[in-house]
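Q: I'm new to this one. Could you show me how to read its inside and its surface?

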Amino acid sequence: MNSMLLLSNRRIQQYFLVLLAIHMSLGCLRFLFPFQILNLGGNEILNQYSSTLFAVGQILGFLLVAMIFKSNRSRLFFGGVSLFLFMLIMGVSNNPIILAISRTFDGLGYGLLFMAIISIATQFPDREGEVMGGLFAAILSGSAIGQGIAGLLWNFLLEVVKLSSIQSIQFISYLATLITLISLILLYISFKPESTPENNGWKLPHLHAISWIRTLIAIPSIGVLMIIYCLYDFAHGLYTPNLSILLVNQGISEVLLGFGYLAGDITWGISQIFAGKIVDRIGHPVPLILSLLLKGVVVVFYPGISIFLALLVVLVLAGLMEGFLEPSRNKAALSIEKSQEFAHTHNHLDMGFSSSGSFAFSIHKHEHNHQMKSETIVGGLQATGVVFLGLGSLVGSWLLIQDISLEVVTIIGGICLIIASLFSILLSLIR
């Protein structure tokens with residue numbers, strides 16, 4: 001039996017360590033971000049808008065910037081640079097609006113790193129799941145550790161060093177920026193450039209919306225899956241940006257909140273090690289239904305939690321449900337074996353210089369076929385989910401503007417997850 005790639009492949013080990021270090025720093029700052037928005041004079045509404053900008057950055061990373069940087073090394077490096085910019089702005093900015101805008105860099109970096117991990121996994125045809133699981137474990141573990149460190153270090157700077165809250169968070173941002181900078185330097189000087197196919201220029205991708213509509217009509221289960229993806233990410237856009245503020249307002253200290261997030265994310269990471277195997281063994285319908293339902297119930301209970309032990313239980317349960325949810329919904333998409341092929345015609349522009357030196361310009365029609373495979377469907381669902389994450393954040397902002405409380409917004413998010421579980425029951429019935 002082959003040994004684990006994480007133990008035997010030096011390149012995978014390097015990727016793992018770089019992602020772990022960067023996301024430890026990033027976990028610290030994502031935990032502290034909503035509190036710094038308030039410290040600088042912003043409010044929960046601005047924090048909601050920043051989550052929308054995070055989604056915009058992800059879409060740019062998925063669909064645009066990843067097409068420019070084609071090698072895994074470049075995507076990792078420039079993804080890290082984008083995260084570095086987010087951390088740097090958080091350290092130097094005293095303007096809440098600029099701080100909110102900086103989350104675009106956060107989303108862009110995440111999008112590039114996500115595409116890099118998917119591309120790295122394709123280099124190991126028989127072990128893609130192992131590679132993706134290991135590298136995403138580095139992201140989850142690093143973020144979890146960073147959140148725990150953030151709560152402790154912030155409290156130490158406030159209580160012992162006697163810095164103000166703004167100064168404390170900025171100091172932590174400088175440390176995070178330094179760690180990320182060192183990681184990027186090591187990444188750049190240690191990794192040899194990968195051999196890549198000849199670059200024939202960058203091409204703007206086209207989405208073939210008509211083909212997608214035809215696929216949704218021909219395969220109803222894809223439409224139901226899209227609703228599930230959209231409701232799930234819409235719910236997260238509603239309640240996650242201000243969840244930390246809500247819990248602190250209910251009496252949970254920042255230190256204990258950091259430990260709670262640490263426990264929840266560690267559970268999320270560990271559960272993914274065995275969740276995929278369980279889903280493969282028993283199928284995706286039951287795990288998908290239960291994970292969405294229980295996660296929704298947990299979210300509905302968030303506004304009533306004021307004791308750390310209760311918070312710890314629900315965060316661990318939420319992490320466990322997240323660990324099962326991702327492989328379940330992706331397995332549901334990949335299990336759609338029917339692929340559709342569509343003829344597609346569009347114009348191509350030809351521009352250049354002839355042998356005589358004159359400029360030549362012409363247009364010709366180009367016809368080719370597109371096959372909507374399961375992998376394409378998963379990518380389309382993920383991208384649609386990101387759009388609804390941003391939309392959920394915008395709706396959450398509007399609700400707060402209407403003087404709807406954080407508690408009610410959070411409960412609405414939980415209800416959306418419960419409704420998504422009902423659609424997952426429908427999905428199991430129409431297959």
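A: Buried means under 20% relative accessible area, exposed over 50%, and partly exposed in between (1.4 Å probe, protein chains only). This is a predicted model, where local features need pLDDT of at least 70, side-chain atom pairs count only at pLDDT 80 or more, and totals for chains, interfaces and linings use all residues. Residues are numbered from 1 along each chain as its sequence is written, and side-chain values use heavy atoms, with hydrogens and water left out.

Q: Which residues touch the most other members of the largest nonpolar core?
A: Leu 135 and Tyr 302 do, in a core of 88 residues. Helix H2 (residues 10-39) gives the largest share of this core, 15 residues. Helices here are DSSP runs (H or I, at least four residues), numbered from the N terminus.

Q: What is Tyr 302 in contact with, leaving aside neighbours within four places in sequence?
A: Contact means heavy atoms within 4.5 Å. The partners of Tyr 302 include Tyr 239, Leu 243, Val 314 and Thr 410.

Q: How many disulfides does a search of the whole structure find?
A: A disulfide is a pair of cysteine sulfur atoms within 2.5 Å, and the search finds zero.

Q: Are Cys 28 and Cys 230 buried or exposed?
A: Cys 28 counts as buried because its relative accessibility is 8%. Cys 230, at 9%, counts as buried too.

Q: And Leu 88, where is that found?
A: Leu 88 sits in helix H4, and its 33% relative accessibility is why it counts as partly exposed.

Technical notes. Core = buried A, V, L, I, M, F, W, Y, C linked by side-chain atoms within 4.5 Å. Helix = DSSP H or I, 4+ residues; strand = E, 2+ residues; numbered from the N terminus.
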